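Subject: Structure handover and notes

Hello,

I am handing over the structure below, followed by notes on what was found in it. Please read the notes with the structure open.

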Amino acid sequence: MANRHYSTLRLVLGDQLNASHSWFKQTDDNVLYLIAELRQEATYVKHHIQKVSAFFAAMAAFSSALKQAGHHVCYMTLDETQDYPDLPSLIVALCEQHQISAFEYQRPDEYRLWQQLSELSIPSQVTVGCVDTEHFLLPYEQISSQFTPNKHRKMEYFYRDMRRQFGVLMDGDSPEGGRWNYDQDNRNKLKKSDVDTIPAPLIFTNDVRDILTRIERHQLATIGEPMPDLLWPITRSQAKALLEHFCRHCLPLFGQFQDAMTGRSEHQWSLYHSRLSFALNAKLLHPMQVITAAIEHFRESETVNLAQIEGFVRQILGWREYIRGVYWTNMPAYAQTNALAADRQLPGYFWDGDTKMRCMSQAITQSLQTAYAHHIQRLMVTGNFCLLAGIEPDAVDDWYLAIYIDAIEWVEMPNTRGMTQFADNGLVGTKPYAASGAYINRMSDYCSDCHYSVKEKVGEQACPLNALYWHFMQRHRDTFGRNPRMAMPYRNWDKMEDTQRQAIIAHADGLLDDLDSL
């Protein structure tokens, strides 16, 4: 780029692709926008190749859109940024190159980037300004009014506050339909007849071959299967098309089957889920835009009932905003939490899906193929396994952050460290989401074709989750024994014959000693 002078340099990060931001309301010949592919962002964990290529493709498309709208944009690929060791060094160099007098950035959503930019050492003549991303429904300044550091905030009450504040699905001061939560109505398993009618997902064919070549040329270490014609949305128009497809084809049964899993459909990876999380987390879509579109479809359609729309709204208005609040209230200490002193490493099949446990093989293989798994696969399959096996939270964190296309630390870490691993000692969940094979059998058809028997607790054919579950419960009884939500399983454990309990613990000890063989 020629060394013409600008007065202001504005940074747009890869997850800040918000075309509606007030920055872009008018063009200014004195403002230069920086969008850059950076090795530091592509390598802080060993990301899924589709994740890296999707972000780079979305960034390039956003850059082109800004240019077409008349803005001045400096888009730098890995080729142009390879000589800069990190983001601050690139910013300083561009400030000097273009004789910048003001550097501005939108508040990052990840603590490491916030720290990097807030501690930026920049030439003294350059003023530094930070603005809001204008994306989240709960402004950053209001997080402290909803959350207290190192203290549990019940999500349900936060969600109700948000419903009231934004008037979403409300009838005056009361929830529409008289109930806040229809979760109990939304836990159906997919029967054979249901599997046959799962809608085909809307997928895209974004050519990312040049990006894949560039990633390979710069020897960025990645995991997962590359997809030259990327199926994920990388522009706002594609994201809006995916939203419309969800509302029309998936929302009518979204809530009912949101916890279900199957291995018997070519659409088993997508089911009735919106798959909008990448578009939302990259800020191609605004959360209220998504909520409004879904509610409008609910109002206009006779095929969507209140339980379906409430389940979807809760994920975005409730859970997504809640998780962000937990993250920013408790960082950076949150990243060090390990309340259950878990210390084992991930088994090798987390990188290739080669395990005899069918539920794990399905979830991991799907994740490697598509960079995606829905929330129950993440929470109750891979997450549950890591919890029961006592996998070290840093290792679990890194895997989830690496493998999923929508994984950005603010949303990934509280879901992983908190929701799946209970490493935060109950800041997110009031109980650990621990389950035996019976839960998998109740919510999926995985068990019927599995090498292991879900009905057995010990022996070579016994489902490993069964013994691991009871081992987990027993070794953490001092922590959970007085938790009223855990009373029933402990009563069941105590009712077993002592010899049976001993056999289960011994079997689990053997499993834990050789997790890689499962």
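**Backbone**

Pro332 sits in the loop between helix 13 and helix 14 (358-370); helices (H or I, at least four residues) and strands (E, at least two) are DSSP runs, numbered from the N terminus. The peptide bond that joins Met331 and Pro332 is cis, with omega at about 5°.

Before going on, two remarks on the source. This is a predicted model, in which local features need pLDDT of at least 70 and side-chain atom pairs count only at pLDDT 80 or more, while totals for chains, interfaces and linings use all residues. Residues are numbered from 1 along each chain as its sequence is written, and side-chain values use heavy atoms, with hydrogens and water left out.

Two residues deserve a note for their phi angles. Most residues other than glycine have a negative phi, and most peptide bonds are trans. Gln99 is not a glycine, yet its phi is positive, near 55°. Gln99 belongs to the loop between helix 4 (87-97) and strand 4 (102-106). With a relative accessibility of 51%, Gln99 counts as exposed; here exposed means over 50% relative accessible area, buried under 20%, and partly exposed in between (1.4 Å probe, protein chains only). Asn150 also has a positive phi, of about 60°, although it is not a glycine. Its place is the loop between helix 6 (143-146) and helix 7 (155-166), and Asn150 is exposed at 65%.

**Salt bridges**

How many salt bridges does the structure hold? There are 24, where a salt bridge is a side-chain nitrogen of Lys or Arg within 4 Å of a carboxyl oxygen of Asp or Glu.

One of them joins Glu41 and Arg112, with 2.7 Å from N to O. This pair links distant parts of the chain, since Glu41 is in helix 1 (residues 39-43) and Arg112 is in helix 5 (residues 111-118), 71 residues apart. Glu41 is partly exposed at 22%, and Arg112 is partly exposed at 24%.

Arg417 and Asp394 form another, at 2.3 Å from N to O. Arg417 lies in helix 17 and Asp394 in helix 16 (residues 393-403), so the bridge ties together parts that are 23 residues apart in sequence. Arg417 is buried, at 2% relative accessibility, whereas Asp394 is partly exposed at 35%.

Asp194 and Lys191 also meet in a salt bridge, at 3.4 Å from N to O. Asp194 is buried at 15%, while Lys191 is exposed at 53%.

**Asp424**

Asp424 is in the loop between helix 17 (409-420) and helix 18 (437-443). Asp424 is buried but has no salt bridge; the nearest side chain of opposite charge is that of Arg417, 8.8 Å away. For charge, Lys and Arg count as positive and Asp and Glu as negative, while His and the chain ends are not counted. A polar atom of the Asp424 side chain lies 3.1 Å from the backbone nitrogen of Gly426.

**Nonpolar cores**

Which residues touch the most other members of the largest nonpolar core? In this core of 162 residues, they are Ile309 and Phe385. A nonpolar core is a set of buried Ala, Val, Leu, Ile, Met, Phe, Trp, Tyr and Cys residues joined through side-chain atoms within 4.5 Å. Helix 13 (residues 306-330) gives the most to this core, with twelve residues. Setting aside neighbours within four places in sequence, Phe385 is in contact (heavy atoms within 4.5 Å) with several residues, including Pro347, Tyr349, Met357 and Leu465. A second, separate core has 23 residues, among them Leu9, Leu34, Met76 and Leu117.

**Cysteines**

The count of disulfides is zero, a disulfide being a pair of cysteine sulfur atoms within 2.5 Å. Cys359 is in no disulfide either, and the nearest cysteine sulfur, that of Cys463, is 6.4 Å away. Cys74 is buried at 6% relative accessibility, and Cys359 is buried at 9%.

Regards

Notes:
Polar contact = N/O pair within 3.5 Å; in protein donor to acceptor, adjacent residues only side chain to side chain.
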